[in-house]
Amino acid sequence: MTASMSEAIEPIRTAVVDEDGIDFALIELFFFAYRDFTSDPDEILADYGFGRAHHRVLHFVNRRPGLTVAELLDVLKITKQSLARVLKQLIDTGHIVQVQGPRDRRQRELYPTAKGRSLALDLARPQSRRIAQALQDSGQGFDVSERACVERFLKAMVNPELRAQIDILPHESR
């Protein structure tokens, strides 16, 4: 065995702490926040035999009724094959309907049903409560300008060429 091979299999017993300016603390906070942010919907989805992909499809179809399959693929950045399986389940269970496009018969527009709208809201409520509580817990007198700062930060986390997808979603007055 060569020296480089024995080094490669030798366990490292110290934690990586500071490597080239990597902010491990914030990375870990994102991991933990995402874990808990998705935990409540995951429990609800499990009752249906659904997963996070179903959640994302339901979310965006409810936020943009009439979204085409091609547009949804672009937003989710998943393969057509992955979407086809999830979409079939949501259609078969009556959560989403697929309508032929008015201008192009090959185009398929997606709409939520009452059942799909209800489930999307059931999934969003605990996430909205978690966000509201986190904003409240993050500082004294959290106000609209601080919320806007959080929005700008999260939007800045999105790849610049994909930020336009955020702007086409409906926005409530804040």
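**Close-up views of a predicted model**

**Figure 1. Charge placement across the chain.** The chain carries 24 positive and 25 negative charges, and their mean positions are 11 Å apart. The model shown here and in the other views is predicted. The accessible surface of the chain is about 12500 Å². Carbon and sulfur atoms hold 57% of this surface.

**Figure 2. Overall layout of the chain.** Eight helices and three strands make up the secondary structure. Their order along the sequence is α-α-α-β-α-α-β-β-α-α-α. The radius of gyration is 21 Å, well over the 16 Å that the globule rule gives for 174 residues, so the chain is more spread out than a compact globule. Along the principal axes, the C-alpha atoms fill a box of roughly 65 × 55 × 35 Å. Buried residues account for 23% of the 174 in the chain. Among contacts with a separation of 6 or more, 54% join residues 24 or more positions apart.

**Figure 3. The largest nonpolar core.** This core has 21 residues. V57, L72, L83 and I96 have the most contacts inside it. At least two core residues come from each of helix 3 (52–63), helix 4 (69–76), helix 5 (80–92) and helix 6 (114–137). Helix 4 gives the most, with five residues. In soluble globular proteins, nonpolar side chains tend to be buried together.

**Figure 4. L83 and its partners.** L83 is among the residues with the most contacts inside the largest nonpolar core. Residues up to four places away in sequence are not counted here. Beyond them, L83 touches V57, V69, L72, L73, L76 and I78. Two of these partners, V57 and L72, are also among the residues with the most contacts inside the core.

Figure 5. K77 is not a glycine, yet its phi is positive, at about 55 degrees. Most residues other than glycine have a negative phi. K77 counts as partly exposed, because its relative accessibility of 48% falls between the 20% and 50% limits. I78 is also partly exposed, with a relative accessible area of 28%. Leaving aside neighbours within four places in sequence, I78 is in contact with L73 and L83. I78 and A148 are 70 residues apart in sequence, and their C-alpha atoms are 29 Å apart in space.

**Figure 6. P126 in helix 6.** This proline has its place within helix 6. P126 has 9% relative accessibility, so it counts as buried under the 20% limit. Leaving aside neighbours within four places in sequence, P126 is in contact with D40 and I44. P126 and P41 are 85 residues apart in sequence. In space, the two prolines are 7.4 Å apart, C-alpha to C-alpha.

**Figure 7. T68 in strand 1.** T68 is found in strand 1, which covers residues 67–68. At 7% relative accessibility, T68 counts as buried. Its contacts, leaving aside neighbours within four places in sequence, are with Q107, R108 and E109.

Key: Residues numbered from 1 in each chain as written. Predicted model: local features only at pLDDT ≥ 70, side-chain atom pairs only at ≥ 80, totals over all residues. Heavy atoms only, no water. Core = buried A, V, L, I, M, F, W, Y, C linked by side-chain atoms within 4.5 Å. Buried < 20%, exposed > 50% of the residue type's maximum accessible area, 1.4 Å probe, protein only. Helix = DSSP H or I, 4+ residues; strand = E, 2+ residues; numbered from the N terminus. Contact = heavy atoms within 4.5 Å. Rg over C-alpha atoms; globule rule 2.2 N^0.38 Å. Areas by Shrake-Rupley, 256 points an atom, 1.4 Å probe, with all protein chains shown as cover. Lys, Arg positive; Asp, Glu negative; His and termini not counted. Charge placed at Lys NZ, Arg CZ, Asp CG, Glu CD.
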